[in-house]
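Here is a short tour of the ring contacts, cores and sheet in this structure. Have the viewer open as you read along.

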Amino acid sequence: MAAPVLSYPEKAGQGCPALAVVAAAKQAGVELELKPLDAKTAKDAPVALTFASGEELVGVPSILRYVARAGPPTSGLYGSDALSACQVDQWLDISQTLVPGAAFESACASVNDFLSLRTFLVGYAPTMADIACWAQLQLTLQWDRLRKGGALPHLARWYDFLADQPELAAAAEVHGLRRRGAPVKHASSHDAELAKKKGGGDTGSFDLGLPNTEMGKVVTRFPPEPSGYLHIGHAKAALLNQHFAGMYKGKLIVRFDDTNPSKEKDEYVENIIADMKRLGLPCDAITYTSDYFPQLKECGERLIKAGHMYADDTPVEQMREERMVGTESRCRNRSVEENLRLWNEMFAASEEGLKNCMRIKLDMSAANKALRDPVAFRCNLTHHWRTEHTVPVTLSNGPAAPEFVEQPRHAKNPAVGTKQQMRSGSLWLDQADAQALSEGEEVTLMGWGNAIMRKVHKDASGAVTAIDAELNLEGDFKKTKLKLTWLAQSDECPQLDLVDLGYLVTKRKLEDEDNFEDWVNHHSKVVTSAVGDANMRSLKQGDVIQLERKGYYIVDAPFTAADKPMVLLNIPDGRSRVFPGMPAP
């Protein structure tokens, strides 16, 4: 069977628009017959692949998909599974946005950010996605300036790696921009030795700086997702961030991007922190995206009210197709009131809410398809490993805006004074309390009044995910079985680390024949994340406070910033005989 014919316009020295196809065919071992057309007589002719049957594929993305399928499965050009194949398809479309013009630099910046912790665009080996994007840059003079500027280090590193691959280098030598295909002058052994002494070359170098910076004001961030262990890409990013923070006497913040509880574990957090210590990477603060869930919720509501975000229940495959062709969703023009209602349904994890996601209203005609109304919020019923102890409660007749009332600090001791209690239509309950609730049950919200639990939402494991309730302030608290502590949802509520300390040795008296290490308590410290009353912001180090139904605590680290939890140490009261790391009596 005759090889398909690849036709394309070509002008000497300015490269071939079918470079990606030629390089991919070499990589996959697919035979093609090349038929260059005179660019003067075929200026607007598209890249086309014509088969012996007379059928034709037009456009580089379509032809690349054919080459990937025509090659052996072992080539890996279409990824390793169905998901990675879809990701390759997305990048083939995105590659077409890497063209000269006003938007070229921003498109390159987006790819640079994506590659900050990755070696390749999809998976762990080069795919058709890498070849397509590499070829676009190779054919673009505008890329030369950006590459030399040093502002896109991850993209430049990725590009240089691909350019060194034999099949791609051979294709670029013949069909790429002639200036890019020129052979690189090899350094002499003497030059290499000088480079090693100065830093750089094959040894790498930190001899670079940040323009327009002020000493002491640089803050860098290392944001790993706690869904796996550190790899070499993480180490590179962490080392660079720590280097610049140290160079300018600034701060390095480790921000765990814990927004996908389906894949994340506390085990990964502990190992990442331990590996950073092994790498000699001190940090100034450790924070979590989950610390800001209340703020993120508030920002989401502001976006909805401003008309910038809408709820969309379009099926996933249909939504993906609409984004590819630039078709606006039928949900795009929903009213603010309807979007707010569905937003609350999502937080309640109702059947209707679970069908929706929230999309940012940007530009459905944007050349960069990632900007076509991306999804900002979606439902995930998996319990979050840090916040699973709290359950959101929505009061259908609660205050529309937070309100404050004066309450005694201690119900049985008026001498200690009063405090301001925040009330809201959105509350937090403890998961343990939520588990005890039944639909239709009337309970007492301590310090406020009665409420009826209209709907208790649970996931497949039986854990409570959300509660719909209704205030019944005329109800009699003497007739309710459950008296519940609660908190109004607010970014004024500080994050807490509740620390319980146990014995360092698990045996009361060691005998001479005992091996000391056998009796060391390796779990003598237990830290529980919690959310506190807004009044706790005023506590000072050394203050002693009673947390209702938890016990007495002493403030070890008071409130200083929203992203830094207060630290409270538990004060043993002598009644409990169970301590961290110790077996129950």
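Lysine 297 lies over the face of phenylalanine 347, at 4.6 Å from the ring centre, in what is a predicted model. Phe347 also belongs to a cluster that ring pairs form with Trp343 and Phe377. Another charge over a ring is found at arginine 118, whose charged end sits 4.0 Å from the centre of the phenylalanine 114 ring.

Aromatic pairs come to a count of 9. Two of them are set out here:

| Pair | Geometry | Centre to centre | Angle between planes |
|---|---|---|---|
| Phenylalanine 51 and tyrosine 66 | edge-to-face | 5.0 Å | 80° |
| Tryptophan 343 and phenylalanine 377 | edge-to-face | 5.0 Å | 85° |

The pair of tryptophan 343 and phenylalanine 377 links helix α15 (residues 336–347) with strand β10 (residues 375–378), 34 residues apart. Is tryptophan 343 buried or exposed? Tryptophan 343 is buried, with a relative accessible area of 1%, while phenylalanine 377 is partly exposed at 22%.

Now to the nonpolar cores. The largest has 55 residues, and Leu6, Trp134 and Trp158 make the most contacts inside it. Beyond four places in sequence, tryptophan 134 touches residues including Leu19, Trp158, Tyr159 and Leu168. A separate core of 22 residues includes Val391, Trp448, Val456 and Val464.

Finally, the sheet: 7 strands form an open arrangement with mixed pairing, in the order β18-β15-β16-β17-β11-β14-β19. β18 (483–484) and β19 (487–488) are the edge strands, each with a single partner, so one side of each has no neighbour in the sheet. Strand β14 (residues 426–430) runs antiparallel to β19, joined to it by 2 bridges, and tryptophan 428 stands opposite leucine 487 in β19.

Note on methods:
Residues are numbered from 1 along each chain as its sequence is written. This is a predicted model: local features need pLDDT of at least 70, side-chain atom pairs count only at pLDDT 80 or more; totals for chains, interfaces and linings use all residues. Side-chain values use heavy atoms; hydrogens and water are left out. Two strands pair if DSSP finds at least two bridges between them. Helices (H or I, at least four residues) and strands (E, at least two) are DSSP runs, numbered from the N terminus. A nonpolar core is a set of buried Ala, Val, Leu, Ile, Met, Phe, Trp, Tyr and Cys residues joined through side-chain atoms within 4.5 Å. Buried means under 20% relative accessible area, exposed over 50%, partly exposed in between (1.4 Å probe, protein chains only). Contact means heavy atoms within 4.5 Å. Rings of Phe, Tyr and Trp (its six-membered ring) pair if their centres lie within 6.5 Å; planes under 30 degrees apart count as stacked, over 60 as edge-to-face and the rest as tilted. A charge sits over a ring if NZ of Lys or CZ of Arg is within 6 Å of the ring centre and within 35 degrees of the ring normal.
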